[in-house]
Amino acid sequence: YHLLENTTAQRTGSIHVGPLTYTITQLAPGPPPVVLSAVANAANYNTDAVSPGEIVALFGDNMGPASIVTLQVSNGTVTNLLAGTQVLFDGVAAPMVYTLKGQVSAVVPYGVAGKASTQVQVQYQDSVSNTLSVPVRAATPAIFSLDSTGVGPGAILNQDTSINSTGNPAARLSVIALYCTGGGVTTPASADGAVIGVPPPVLSQSPVVTVTIGGVNASVKYAGTSPGTVAGLTQINVEVPAGLTPALAWPVIVKIGDFASTGSVTVAVK
């Protein structure tokens, strides 16, 4: 006796053979497997490594609900459980930025600092994904772009806090704010999921943070966390070089120690 695969709830039926009755129960299908396929920097989508406090985007399937759910704050801390989703680094639940069936975002726990690699899993409801082993670096700097593609005009504020754009370029010698991730550990140490207050912790590697705009060194005025945001978002304030030729799309590169961003993000200068 054959039945089609059960795709709904548990069901029960009977087979009568002469005076005998056989009761058959067909169990409900189990949840679909949670699949983790990639762990990427949330700003430029590089998958080569992660760093302490980096905001990452994870790609796969069945990792969260059908509609996106964004971060929640409880007692001043971003929660590590969001709509049934958790992201685990060596078994430690990470602060959650958003969750969706095919893509989730979290902040790498600062506890990965000093490790050669970290083991990453996604848990959704009662199912746990496969494990990906990801190298760990001290920093993985990347500047966010305005359209979240990792390419083109950056998430950059002019000195008057307006958004930098081709129609609103920054003046030379003004100070602009770059919004990045992958800055690494901070001084004083930031707690996982903390909402940053004042004064904000600075990057522990801030003495070795350099920025170029159009290949010209820009003076770094501040490199650290950003007040009012989750620990892991890095803000770097730099002075636009006086000798820079006006242009609407100068590439911006952030370098922290031995590690640099890609240069695919741009700033407009007048």
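Which residues have the most contacts inside the largest nonpolar core?

## Nonpolar cores

They are Ile176, Leu178, Val211, Ile213 and Ile236, in a core of 23 residues; a nonpolar core is a set of buried Ala, Val, Leu, Ile, Met, Phe, Trp, Tyr and Cys residues joined through side-chain atoms within 4.5 Å, where buried means under 20% relative accessible area with a 1.4 Å probe, protein chains only. Strands E18 (175-181), E21 (209-213), E22 (216-225), E23 (233-239), E24 (247-256) and E26 (265-269) each give two or more residues to this core. Apart from it lies another core, of 21 residues, among them Val34, Val87, Val108 and Val120.

## Basis of the model

The model is predicted, with local features needing pLDDT of at least 70 and side-chain atom pairs counting only at pLDDT 80 or more, while totals for chains, interfaces and linings use all residues. Residues are numbered from 1 along each chain as its sequence is written, and side-chain values use heavy atoms, leaving out hydrogens and water.

## Strands and sheet

The chain has zero helices and 26 strands, helices (H or I, at least four residues) and strands (E, at least two) being DSSP runs numbered from the N terminus.

## Overall dimensions

The C-alpha trace spans about 100 × 35 × 30 Å along its principal axes.

Note on methods. Buried < 20%, exposed > 50% of the residue type's maximum accessible area, 1.4 Å probe, protein only.
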